[in-house]
Each structure stands twice: as C-alpha cells, then as structure tokens.
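Here's a quick briefing to get you oriented. Have a look at the structure first, then read on.

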Amino acid sequence: MSDLKITKLDKYYGTNHVVKGIDLEIPAGEFTILVGQSGCGKSTLLRTIAGLETADGGSIEIGGERVNDLPPRDRDIAMVFQNYALYPYMKVRDNIAFGLRARRTPKAEIGPKVQRAAKMLAIEHLLDRYPRQLSGGQLQRVAIGRAVVRNARLYLFDEPLSNLDAQLRDEMRGEIKRLHQELGKTMIYVTHDQIEAMTMADRIVLLREGRIEQQGAPLELYERPATKYVAGFLGSPSMNFIPCTLSVAEDYGTVMLPDGVTLSLPPSRVAALAPFRDRSLLLGIRPEHLSRATGEHRRGLAEIEVITDLVQPTGSRTYATFRLGGVEAVAELQSHDVSQPGERLKLFADMNRAVLIDAATERVVGNG
Amino acid sequence: MKRSANLRLALRYLGALVLTVFFLFPIYWLFMISFKTADEIYAFPPVWWPETMQWDNYIVLFRDGDATTVLNSFIVAGASTVLAMFLGTICAYSIARFRTGGDNLANWILSQRMVPPVAVVFPIFLLYVWFGIVDTYLGLILLYTAFNLPYVIWMMRGYILDIPLALEESALVDGCSRWQVIWKVVFPMCRAGLFATAIFTFVFAWNDFIFALVLTRTEITTYTVQVTHYFGGQSNFWSKISAMSVLGTVPVFIVVGFMQRYLVRGISLGAVKG
C-alpha cells in the first residue's frame, strides 16, 4: 500500500515549467529523499504535495485519496520548514501544541502529547522559553517537534538542516533518521546535499530540471548510476569523467584515453560493451576506485602512471589531483600514499567499478 | 576622564529638559487658561498659575451638554478606526499574499489618500443629503473609514510583507484556515504595526474638522466643530475654548498611552532571531 502516489504531475510558474510530468509512488513507512541542484523542482514538488502550491496537471493521492483540490490542512500532513517557522510570540510549548489546538484536539490530550514529543527530541527543558532564546539547533528540534507531535500520515521536510553548521547538521541527520525508525512514518525529505541524501534515505529520488533522473536505494544509485548526471551528483569528490574510445576484439576489450593510455576491461564486461565500440565515450571512475598500485595485480585492475598536481590530505584519506587523458582527475588514496605535488605515482584503476558513458546521450552504457 | 563624562551627562540632561519644557509649554498653557478667569486670561504680565481653579469653566460645558461632543468624536473616531483597521488589514493581506490587483493596485489605493479633503467634501455632502445620512453617526463613520482605508491598507501591506511566508504556510499545514491564519499568525506578528496604524487612524478622525463641519449640524457635532462655536462676533469665550480643547485632548492622551504599552511590547516580541 502506497502512502503517496503522484501521477503525471505538472507545475508551472508563469511560463516556467518547473515540474514536468512526474510519476512517483512512495510506499508506507519509507524515508524518501528528493535531491537535486537548486532549481530542479524538488521544493516545488514537495510544496505541491503539501498543497501550498496548486498542481497544474496530473494527480496527487495521499492514502488512496485524490487530494489535488484539498487545502493543506485536509491532507493529513505535517511539514518542517527550512527557516523553522516558529511563532516568535509563543513559548516553545505553545508552538508545539499549535497544530493540535488548530485541529481541536481535546485539551487533556495536548499536554501529554507535547511532553512526549519534547522528550523524544530532548527539548523538555526548553518548553517554557521563547524561540528567540534558543540556538539554531534547538530551534530546529522544536520545529521537528511541532511536526511529530501530530499523528500525520505524511511528514514533509523542506531542507530542514541547511541553516545549521556542519557539526550540528551531522548530529541532526542521525537524529532525524532515528526518529523515522521510531515512528515508522512515511517521510519525504528535500535536500540539495548529496551526503544527507546518501546517509538518510531509504530511497533517493534524484531530480533534474523538473524530471526524475533516477530513483532507487542510495547505494544502488551510487554504484549503478543510469546517467552521467547521477554519477557525477552522488559522491564527493565527484566521479572523474575522462573522454575515451573503446576497442573490442573477441573477448578482449580496452579503453583508450586521448593521451594514449590504454586500460583493459575485465572480460566479463566486454560482451555488454561491445555494441558501443568506436563510439565517443566517457570513462567514469570514482576517486576511491583509483588506488596506489602495489605488487599484486588483481583481475580488472588497470595500471596507470600519473604525476600529481595537487595533494589534499583530509586526515583519514588524501586526495591527489592529476591530469589523465587530457582532463583533471582525482584519486582518493591512503593518507600516506602521496606526500607532495610533482610526485610520480602508479595507480590501479578498478575497471570492475568504472562506468562507460555515451558522450552524446550522457547515458551509462553496457551496465548489467 | 570621569569628570568629562559627568559633564557630558549633565549637558545631555539639560538639553532634554529644555526640549521637554519647549514642547510641554503649550499644553501647560492650554490647561492653565482653562482654569482662569477672564481677567487672568488677558492679564499682563501673564498669570502663570490661577489664583483659584475655575472649575466652572468645565461645569458649564457639562451642564449645557457641550461636553457630549467629545463623546460624539469618540464614537465616530473609535468606530471608524475599528472598521478601517479590520477592512484595511484583510484587504492588505489579500494584496500582499495573493497579489490582488497586480503590481499597481496598492499604489492606486494610496493615491486616493492624496485627494485634499476640501476638494471632495461638497460633492460628498450632496451625496449624503441624497442618502439622508447628514448629521448621523453612520455618515461620519463611513466617511472616516473610507478616508483612512488607503492609509491602513498601505501600512498594513508593508507589515504583512515583512512576515515570513513560512509562518503562514506552517499554520496552513498544521490545520488552520486562511481566516485562522490571519487571526492567529498575521495579527500577532504585526501587532506593533496594527497599533501604530490604529493610532494614526484614530487621531486623523479625532482631529478632523472640515468633514465634521460640513456633514454635521446639531445631532452629532464633534468637539472640533464645537470649539469653533465659542468664537463670537464681538468676543471669544477663551475659557470655554480652552476647557473644550482640554476635554478634546485628554482622550487622545489616554488612547495613545493605552496603545503604547502594546506598541512597545509588540516591538520587543517581534525580535526574531534570523
């Protein structure tokens, strides 16, 4: 049973087509993250689900009921906003109770419900304060409290963590995910941050220019991207894209880069890739799939030699930047694999994990 | 170091004192005249403090019923303020949030306020004769409401635009209707602005002379018109004039003083962490 079903949804702002015929079904209890660059329509999609924007075409069903023409308050949703949206003239307690009062919840039930929500978010000691007396992280907890206190069918989050500093964001990420596990409610969460999407989602819906580019479990998208856009969007530092051509003879295939470097493909992948020989392709390889070449040479590892331009240690890993096939590429190495720019390095490229992309269509080819 | 700081403070107090005296003096003089005898009023050098307080100046106003004109002013100004504030705020909300009338309606509305009252007062008089509402509460209340609406709409539109949209959207999602949003979010959020606008609206109606002069006769004369009745051909009744003026001033002090509490509270409550 799906909690939310969207069919051919269209939304225009003036002549600007923002949401372009989106179909989306979200099963009950799932944590779905809508992710994409700013302007991709993710917030508009969320706001249309909430009823804060009207759909210009298609239908939205919540719990099997078409809600296109229902006002937000009749859609059985709760929403957390980016700027917290707390009422400055009300104490935290009244802010949390606001939705319950607006829905005429019996007075006797309101107190205990507010207490329970506050306890869940560890803000019991803040209940009698005003929002202006709270820090950013506390404000966001209250905002979340105001949503969870209501027993809604659907919980919507519109970039709730983007105003917090990095450390608080990490903390709240875990907290929201735990909250989802505790409540077991259907949640839809909008963010432009791919790390939030990867770490929190049961399912990622990646939007681009008003359309769904790809959707699936985080690791599924990460490991089997359907397009160059998805491959480049997820992962940090992002995937390296190097122009190349493919040559195949019998069951032996190699990828040739513009600077003459050739990398051989694992035999298991050759058959699927064969139709794309002699096409203009891009080799997509993630920084962590380039590693320092050590003695043993496993199957599917292709050796390359590069000269580092830039070395960026992060502590746990070190990023080395170099030119490969005429473009800049990054490898994510062990902390002490490389120490300074100008160093000559032998790397293994894991060709089992690399993807090949048709440069014309930007679609990943020969995958599965 | 400390001496110069003390000196600066002393000078500042002195400056404040001079300004206070400067601005309070006319009010003091008005009050004093209202308690003087005719001789004291014309005396030179001026009498700073009357020998005995002439309460008769006031008693006669109440005895003759002249004082009820203050009540008339209060009814007319109060009712028109409430009406203009209510209608103006919901109209401003519509313009601010739904872009009613596009980009220019708000400017057009404000332009209505630029019409000089004297230019429209006689056409309105003829209209009122036609409707039979000359010298009625209804007539004046409608007029002041209409005249204040542009100001209220313009001011409240600005205050409403300052309210973060997410606050209203959050209330809509949480279970409020539009009316509830206005009542529970918009009004409290712009309370300081509401009271400030209401004060100006009230004072405009309270101080109006020309409309009240033309559109009233005997039934609902306002105090501003009543004051002029004491200017005679041969002599002016200065004690009556000043006593009536005091009666007309005090309610405004009270109203503004009462609203100021909310004004200050509203401002401090509006302090939102960004």
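How many residues of chain A are in contact with residues of chain B? It's 19 residues of chain A with 19 residues of chain B, where contact is a matter of C-beta atoms, placed from the backbone, lying within 7 Å.

This is a predicted model, so local features need pLDDT of at least 70, side-chain atom pairs count only at pLDDT 80 or more, and totals for chains, interfaces and linings use all residues. Residues are numbered from 1 along each chain as its sequence is written, while chains are lettered from A and ligands numbered from 1 in the order in which they are written.

**Where chain A touches chain B**
- On the chain A side, β6 (77–80) and α2 (92–102) each supply at least two residues; helices (H or I, at least four residues) and strands (E, at least two) are DSSP runs, numbered from the N terminus.
- That side of chain A divides into 14 nonpolar, two polar and three charged residues (Ala, Val, Leu, Ile, Met, Phe, Trp, Tyr, Cys and Pro count as nonpolar, Asp, Glu, Lys and Arg as charged, and the others, Gly among them, as polar).

**Domains of chain A**
- Chain A splits into domain 1 (2–233) and domain 2 (240–365), with bounds from an automatic or database domain assignment.
- The C-alpha centres of these two domains of chain A are 38 Å apart.
- Their contact takes six residues from domain 1 of chain A and eight residues from domain 2 of chain A.
- On the domain 1 side of chain A, those residues are four nonpolar, one polar and one charged.

Definitions and conventions:
Two residues are in contact if their C-beta atoms, placed from the backbone, lie within 7 Å.
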